[in-house]
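Work through the two exercises below with the model at hand. Try each task before you read its solution.

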Amino acid sequence: MTKIGIILGSTRPGRNGEAVARWVLDVASKRGDAEYELVDLLDYKLPHLDEALPPSMGQYSQPHTQEWARKIASFDGFVMVTPEYNHSTSGVLKNAIDYLFAEWNNKAVGFVSYGAMGGARAVEHLRLVAGELQMADVRAQVGLSLFHDFENFSVLKPGDHQVDALGAVLDQVLAWSGALAPLRAA
């Protein structure tokens with residue numbers, strides 16, 4: 001069965017991302033078409049990139065990098081949940097992505113973002129990074145507005161249209177994960 005990691009890209013105290021990621025997991029798990037797992041960056045103590053060699057060489061020396069690599073390698077595709085900070089993604093998510101290379105290759109990725117503008121600018125930056133990592137970023141995305149999809153900017157209350165948008169993201173991530181399976185096997 002296809003295995004999809006839902007990466008929670010914020011470690012900030014009081015983060016809205018936890019509710020968003022749990023919503024994604026809840027909606028996805030009801031589908032029964034893949035195995036979905038929440039990957040919370042709080043559970044991986046990744047300091048600022050501290051590997052001496054470039055990730056493309058695949059020679060990870062740090063135990064935290066090796067653990068992170070095993071986790072990411074276990075998935076066929078991803079949904080990244082990202083806040084928008086200063087017109088980009090969070091530093092912690094970018095750092096976690098930068099640790100690895102081959103473990104991301106030939107896998108699909110979709111995005112669920114949140115922020116004042118729905119997190120659209122964070123996703124645009126992540127799409128550029130995904131391309132460099134040989135990931136297939138899907139077209140559909142969910143952009144949750146702090147003004148319309150949250151009560152008091154902190155309690156997630158997504159509209160039905162957001163559930164439909166998430167369904168499209170998951171459909172595309174699964175389709176592309178399957179299409180890329182022969183490349184991952186090679």
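A polar contact is a pair of N or O atoms within 3.5 Å; within protein, one must be able to donate a hydrogen and the other to accept it, and residues adjacent in sequence count only if both atoms are side-chain atoms. This is a predicted model: local features need pLDDT of at least 70, side-chain atom pairs count only at pLDDT 80 or more, and totals for chains, interfaces and linings use all residues. Residues are numbered from 1 along each chain as its sequence is written, and side-chain values use heavy atoms, without hydrogens and water.

**Exercise 1.** Find which backbone oxygens the side chain of Lys 107 reaches.

Solution.
- Locate Lys 107: the loop between helix 3 (91-98) and strand 4 (108-115). Helices (H or I, at least four residues) and strands (E, at least two) are DSSP runs, numbered from the N terminus.
- The side chain reaches the backbone oxygen of Phe 75 at 2.8 Å.
- It also reaches the backbone oxygen of Ala 73, at 3.4 Å.

**Exercise 2.** Give the strand order of the sheet and identify its edges.

Solution.
- Five strands form an open, parallel sheet, in the order 2-1-3-4-5. Strands pair if DSSP finds at least two bridges between them.
- Strand 2 (35-40) and strand 5 (136-145) each have a single partner strand, so they stand at the edges with one side left without a neighbour in the sheet.
- Strand 1 and strand 2 pair in the parallel sense over six bridges.
- Within strand 2, Asp 40 is the bridge partner of Leu 8.
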